[in-house]
Amino acid sequence: MEQPFNCPVTEHKDGTYTVSFSVDFGNFTPDDFILIAELARACQVKNLAVTATKRISFLNTPAEQVNSLWMSLQNTFGNRLNAPNKTVVCQGEPLCRFATSGLSARMIASSIDGIIRKYPTIRLKIGISNCPRSCAMSHVRDIGISAAANGWRFFIGGNGGLIPATAQLVAAGLTDQQLLMLVERFY
């Protein structure tokens with residue numbers, strides 16, 4: 001019988017589940033980690049994993065704990081909580097000295113998160129980098145976005161999986177609005 005969960009999960013062969021999430025697109029504080037550990041203990045989760053997509057996964061979550069765990073995450077982190085999508089965002093300003101001035105990967109990621117929520121059945125991997133160095137591996141994602149001196153660059157068709165491929169540049173010199181319109185059209 002299918003469980004009615006209030007969040008996306010991955011089922012394991014032993015009947016437990018993985019619940020994954022991110023906070024501020026991977027920007028956790030030390031206090032966040034303490035709260036996460038306390039939630040894991042309270043929900044009888046024995047293993048946690050930090051993923052390549054800057055998410056934390058509660059592994060082997062008992063089915064009866066999934067909904068309460070997700071509600072606790074929502075209550076604890078509020079609007080800082082990002083549902084598990086496949087978006088990787090670099091740190092950008094103010095941390096990175098190479099970040100392109102005037103463009104914010106995290107702000108664009110928040111706007112793209114709204115687009116992703118409109119199309120919940122489409123599972124694309126997105127990398128958003130605040131400079132051409134592409135710390136978020138934008139060039140090997142389904143959708144790649146990177147900042148440059150003249151605006152955003154938009155790539156499609158990358159793959160870091162079984163058959164690696166570099167994404168193709170579709171457009172360059174985009175404003176925030178042009179970029180978001182292109183992402184929406186692609187979805």
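Me: Which residues on the other side of H4 are exposed?

Reply: Gln-177 and Arg-185 are exposed there, where exposed means over 50% relative accessible area, buried under 20% and partly exposed in between (1.4 Å probe, protein chains only). This is a predicted model, in which local features need pLDDT of at least 70 and side-chain atom pairs count only at pLDDT 80 or more, while totals for chains, interfaces and linings use all residues. Residues are numbered from 1 along each chain as its sequence is written, and side-chain values use heavy atoms, with hydrogens and water left out.

Me: Which residues of helix H4 are buried, and what covers them?

Reply: Helices (H or I, at least four residues) and strands (E, at least two) are DSSP runs numbered from the N terminus. In helix H4, residues 176-186, the buried residues are Leu-179, Leu-180 and Val-183. They lie on the same side of H4, because they cover an arc of only 95° around the axis, the arc being that of the directions from the helix axis to the C-beta atoms. Their cover includes H3, strand E8 (143-148), strand E9 (151-156) and strand E10 (168-174), and contact here means heavy atoms within 4.5 Å.

Me: Why do the buried residues of H2 line one face of the helix?

Reply: The general idea is that an α-helix has 3.6 residues a turn, so residues three or four places apart point the same way. In H2, the buried residues are Val-66, Leu-69, Trp-70, Leu-73 and Phe-77. Seen down the axis of H2, these buried residues fall within an arc of 95°, and therefore they line one face of the helix. Among the elements that cover the buried residues of H2 are E2, H1, strand E4 (56-61) and E5.

Me: What should the twelve residues of H2 span, and what follows H2?

Reply: The expected span of a helix is 1.5 Å times one less than its number of residues. For the twelve residues of H2 this should give 16 Å, and the end C-alpha atoms are 16 Å apart, which agrees. After H2 comes Gly-78, whose phi is positive, near 55°.

Me: How many salt bridges does the count come to?

Reply: A salt bridge is a side-chain nitrogen of Lys or Arg within 4 Å of a carboxyl oxygen of Asp or Glu, and by this rule the count comes to four. Asp-24, Asp-32 and Arg-80 are linked in a network of salt bridges. Arg-80 forms a salt bridge with Asp-24, with the closest N and O atoms 2.8 Å apart. Arg-80 lies in the loop between helix H2 (66-77) and strand E5 (81-82), and Asp-24 in the loop between strand E2 (17-23) and helix H1 (30-42), so the pair ties together parts 56 residues apart in sequence. The side chains of Asp-32 and Arg-80 also meet in a salt bridge (2.7 Å, N to O), and this pair links distant parts of the chain, 48 residues apart, with Asp-32 in helix H1.

Me: Is Asp-32 buried or exposed?

Reply: Asp-32 is buried, with a relative accessible area of 3%, whereas Arg-80 counts as partly exposed at 24% relative accessibility, and Asp-24 counts as partly exposed at 21%.

Me: Where does Tyr-119 lie, and which residues does Tyr-119 touch?

Reply: Tyr-119 lies in the loop between helix H3 (105-118) and strand E7 (125-129). Not counting residues up to four places away in sequence, Tyr-119 touches Glu-184 and Tyr-187. Tyr-119 and Glu-184 are 65 residues apart in sequence and 9.7 Å apart in space, C-alpha to C-alpha.
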